[in-house]
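This report describes one protein structure for a reader who is new to the subject. Please consult the sequence and the model while reading.

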Amino acid sequence: MSEVFMAQNIKCGGCASAIEEGLGKLEGVSSVSVEVASGQVTVEGTLERAALAAALAELGYPEV
């Protein structure tokens, strides 16, 4: 399953790397991609949307 988020505070490649690494460590996540310019985060896996949104916010990039 794929979930797409529009996240706040994504300003650079370092932000994208932090999100990809942080969410990628979660059990049930198979891939994460981040588009810095748009703030779009796409997550592939089996986790519920609410759990992914909470993890994204915990990393400092809350959903818009």
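## Helices and sheet

Helix H1 (residues 13-24) lies across E2 and E3, and runs at about 165° to E2. H2 lies across E1, E2 and E3, at about 40° to E1. Helices (H or I, at least four residues) and strands (E, at least two) are DSSP runs, numbered from the N terminus. Axes are lines fitted to C-alpha atoms, for helices over the stretch in contact, and angles run from 0 to 180 degrees between N-to-C directions. Contact means heavy atoms within 4.5 Å.

The model is predicted: local features need pLDDT of at least 70 and side-chain atom pairs count only at pLDDT 80 or more, whereas totals for chains, interfaces and linings use all residues. Residues are numbered from 1 along each chain as its sequence is written, and side-chain values use heavy atoms, with hydrogens and water left out.

## The strands

An open sheet is formed by 3 strands in the order E1-E3-E2, with antiparallel pairing. Strand E1 (2-6) and strand E2 (29-35) are the edge strands, each pairing on one side only. From one strand to the next, the twist averages 15°. Two strands pair if DSSP finds at least two bridges between them.

E1 and E3 run antiparallel and are joined by 5 bridges. Val-4 has Thr-42 in E3 as its bridge partner. Strands of a sheet pair through backbone hydrogen bonds, either parallel or antiparallel.

## Salt bridges

How many salt bridges does a search of the whole structure find? The search finds 3; a salt bridge is a side-chain nitrogen of Lys or Arg within 4 Å of a carboxyl oxygen of Asp or Glu. One of them joins the side chains of Arg-49 and Glu-3 (2.9 Å, N to O). Because Arg-49 lies in helix H2 and Glu-3 in strand E1, this pair ties together parts that are 46 residues apart in sequence. Arg-49 is partly exposed, with a relative accessible area of 31%, whereas Glu-3 counts as buried at 15% relative accessibility. Buried means under 20% relative accessible area, exposed over 50%, and partly exposed in between (1.4 Å probe, protein chains only).

Arg-49 also meets Glu-63 in a salt bridge between their side chains (2.5 Å, N to O). This pair links distant parts of the chain, with Arg-49 in helix H2 and Glu-63 in the segment after H2, 14 residues apart. Glu-63 counts as partly exposed at 31% relative accessibility.

## A charge over a ring

The charged end of Arg-49 sits over the ring of Phe-5, 4.3 Å from its centre. A charge sits over a ring if NZ of Lys or CZ of Arg is within 6 Å of the ring centre and within 35 degrees of the ring normal.

## Two loop residues

Leu-47 lies in the loop between strand E3 (40-45) and helix H2 (49-58). Leu-47 is partly exposed, with a relative accessible area of 23%. Leaving aside neighbours within four places in sequence, Leu-47 has contacts with residues including Met-1, Leu-26 and Leu-52.

Asn-9 is found in the loop between E1 and H1. Its phi is near 75°, a positive value in a residue other than glycine. Most residues other than glycine have a negative phi. At 38% relative accessibility, Asn-9 counts as partly exposed.
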